[in-house]
Amino acid sequence: MEIDAYLWSLYQDPYFIFSNEPYSKRYAIITGWNRFGKKQSHQDNLLQNEQLLASLPNVEVVGVLVGNDDFSWYEESYAIAIEKDSARELAKKYAQNAIYFVEKGELTLLSCLDERETPIGQIKARCVEGFK
């Protein structure tokens with residue numbers, strides 16, 4: 001399975017609204033919403049996110065909305081203080097095509113279907129609200 005080129009390009013233009021600034025300087029941004037990039041019902045998305053949260057070890061978790069520039073589309077997600085490989089495995093468990101990873105303020109898009117990684121830039125430049 002491969003991520004459609006158009007969808008991959010959309011993933012490269014995210015904006016974020018954090019509930020709080022993550023304490024950790026290395027974290028993944030993961031959601032349980034819209035398995036394999038296919039729109040799901042709001043109820044199914046909420047259930048997936050509940051299951052995602054319940055599966056986490058005792059680590060820092062911060063709520064974050066990930067969306068397009070005007071948030072006419074968004075997904076409820078979490079900034080989770082875990083390592084890159086663990087984040088990819090967790091996202092695969094919840095049928096995600098891709099996730100974001102932040103290290104020392106630098107945002108990278110990670111494919112969960114192959115080893116592709118695309119640097120995006122400073123996370124703070126993409127924060128609409130929350131920390132800047």
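Q: In which sense do S1 and S8 run where bridges join them, parallel or antiparallel?
A: This is a predicted model, in which local features need pLDDT of at least 70 and side-chain atom pairs count only at pLDDT 80 or more, while totals for chains, interfaces and linings use all residues. Residues are numbered from 1 along each chain as its sequence is written, and side-chain values use heavy atoms, with hydrogens and water left out. Helices (H or I, at least four residues) and strands (E, at least two) are DSSP runs numbered from the N terminus, and two strands pair if DSSP finds at least two bridges between them. Phe 16 stands opposite Cys 127 in S8, and the two bridges that join S1 to S8 belong to strands that run parallel.

Q: Which strands stand at the edges of the sheet?
A: The sheet is open and has eight strands in the order S7-S6-S5-S2-S4-S3-S1-S8, with mixed pairing. Each edge strand has a single partner, so one side of it is left without a neighbour in the sheet; the edge strands are S7 (117-122) and S8 (127-129).

Q: Which residue in S4 is the bridge partner of Ile 30?
A: S2 and S4 run antiparallel and are joined by three bridges, while S2 (residues 26-30) also pairs with S5 (residues 98-103) in the antiparallel sense over four bridges. On the S5 side, Tyr 27 has Val 102 as its bridge partner. On the S4 side, the bridge partner of Ile 30 is Tyr 78.

Q: At about what angle to S4 does helix H2 run?
A: Five of the seven residues of S4 are buried, where buried means under 20% relative accessible area, exposed means over 50%, and partly exposed lies in between (1.4 Å probe, protein chains only). Helix H2 (residues 42-55) lies across S2, S3 (61-67) and S4 (74-80), and its angle to S4 is about 0°.

Q: Is Lys 104 buried or exposed?
A: S5 and S6 form a hairpin with two residues between them, and Lys 104 lies in this loop between S5 and S6 (106-111). Most residues other than glycine have a negative phi. Lys 104 has a positive phi of about 50° although it is not a glycine, and with a relative accessible area of 71%, Lys 104 is exposed.

Q: Is Ala 95 buried or exposed?
A: Ala 95, which is not a glycine, has a positive phi of about 55°. The loop that holds Ala 95 runs between helix H3 (84-93) and S5. Its relative accessibility is 3%, so Ala 95 counts as buried.

Q: Which residue in S7 is the bridge partner of Leu 109?
A: S6 and S7 pair in the antiparallel sense over five bridges, and a hairpin joins them through five residues. Five of the six residues of S6 are buried, so S6 is largely enclosed by the rest of the structure. The bridge partner of Leu 109 in S7 is Thr 118.

Q: With which residues is Thr 118 in contact, leaving aside its neighbours within four places in sequence?
A: Thr 118 is buried, with a relative accessible area of 17%. Contact here means heavy atoms within 4.5 Å. On that basis, the residues in contact with Thr 118 are Trp 8, Gln 12, Thr 108 and Leu 109.

Q: What is the volume of the largest pocket?
A: Its lining has 32 residues, of which Leu 7, Tyr 11, Asn 34, Trp 73 and Glu 75 lie nearest its centre. H1 (5-11), S2, H2, S3, S4 and S5 each supply at least two residues of this lining. On a 1 Å grid over the protein atoms alone, a pocket is an open set of points where a 1.4 Å probe fits, with protein on both sides within 12 Å along at least five of seven lines, and lining residues have an atom within 4 Å of a point. Grid points are joined across faces, edges and corners, and a volume is the space filled by probe spheres set on the points, which for the largest pocket is about 660 Å³.

Notes. Axes are lines fitted to C-alpha atoms, for helices over the stretch in contact, and angles run from 0 to 180 degrees between N-to-C directions.
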